[in-house]
Amino acid sequence: NGTKGTFTAVSSTVYTLVVTPTASASGNVTIDVAASAATDAAGNGNTAPAQYLQPFDTAAPAAPTFALSSDTGSSSSDGVSSNGAITVSGIEPSATWKYSANSGANWTTGSGSSFTLAPGTYAIGAVRVQQTDLAGNTTTTPSQNAAVITVDATAPAAPSITSVTDDVAPVTGTVARGGSTNDTVLVIAGTAETNSSVTIYN
């Protein structure tokens with residue numbers, strides 16, 4: 001599980017050995033020292049010590065995944081929400097993680113398993129998440145939002161009705177405010193926020 005170097009004397013009783021673990025892998029480096037591998041000035045050899053195991057981890061962790069905690073838009077998958085809470089999944093035990101809301105220009109250390117986006121529109125790839133495992137390996141490629149995310153926490157202005165039209169004889173045309181009509185399916189025109197839904201009550 002690695003490439004071994006050679007023993008280097010630090011003192012008459014202490015030696016060091018550098019072992020380079022296999023890249024992008026995890027496991028144990030096993031070290032065995034044979035009997036009589038070292039001798040003292042009198043020619044006495046060492047006894048074989050117990051096998052030594054050193055765990056290693058050089059593998060980058062997978063990128064965490066993330067999604068809106070609550071997609072409150074016109075569909076549950078349109079990426080539009082009044083709540084900017086983001087749920088993060090796939091964080092390794094004891095790992096640290098961070099997120100960016102501006103395509104990686106700035107990063108914020110995450111806590112728990114969620115963070116909150118400020119109101120605004122986030123282009124594809126603007127939101128990113130990565131993690132660093134206990135061994136210090138960092139995600140090679142952060143996860144990114146594959147679709148635009150829009151957080152809108154501002155209530156829209158009230159819709160405005162500009163006209164009501166009766167197209168059933170004998171009297172047709174615009175119905176005055178407070179007027180009466182025999183038309184059971186009126187043509188109502190007005191204005192409202194773009195892409196909003198308007199409900200009309202009788």
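Q: Which residues does Asp183 touch, not counting residues up to four places away in sequence?
A: Asp183 touches Thr165, Asp166, Asp167 and Val168, where contact means heavy atoms within 4.5 Å. This is a predicted model, in which local features need pLDDT of at least 70 and side-chain atom pairs count only at pLDDT 80 or more, while totals for chains, interfaces and linings use all residues. Residues are numbered from 1 along each chain as its sequence is written, and side-chain values use heavy atoms, with hydrogens and water left out.

Q: Where does Asp183 lie?
A: Asp183 lies in the loop between β18 (173–174) and β19 (187–191); strands here are DSSP runs of E with at least two residues, numbered from the N terminus.

Q: And which backbone nitrogen does its side chain reach?
A: The side chain of Asp183 reaches the backbone nitrogen of Asp167, at 3.1 Å.

Q: Switching to Thr199, is that one buried or exposed?
A: Thr199 counts as exposed because its relative accessibility is 56%, and exposed means over 50% relative accessible area, with buried under 20% and partly exposed in between (1.4 Å probe, protein chains only). Thr199 lies in the segment after β19, and its C-alpha atom is separated by 9.6 Å from that of Pro159, 40 residues apart along the chain.

Q: What about β10, how does it pair with β14?
A: Strand β10 (residues 96–100) pairs with strand β14 (residues 128–132) in the antiparallel sense over five bridges, given that two strands pair if DSSP finds at least two bridges between them. Ser100 has Arg128 in β14 as its bridge partner.

Q: What stands opposite Lys98 in β11?
A: Thr109 stands opposite Lys98, and β10 pairs with β11 (residues 108–109) in the antiparallel sense over two bridges.

Conventions: Helix = DSSP H or I, 4+ residues; strand = E, 2+ residues; numbered from the N terminus. Polar contact = N/O pair within 3.5 Å; in protein donor to acceptor, adjacent residues only side chain to side chain.
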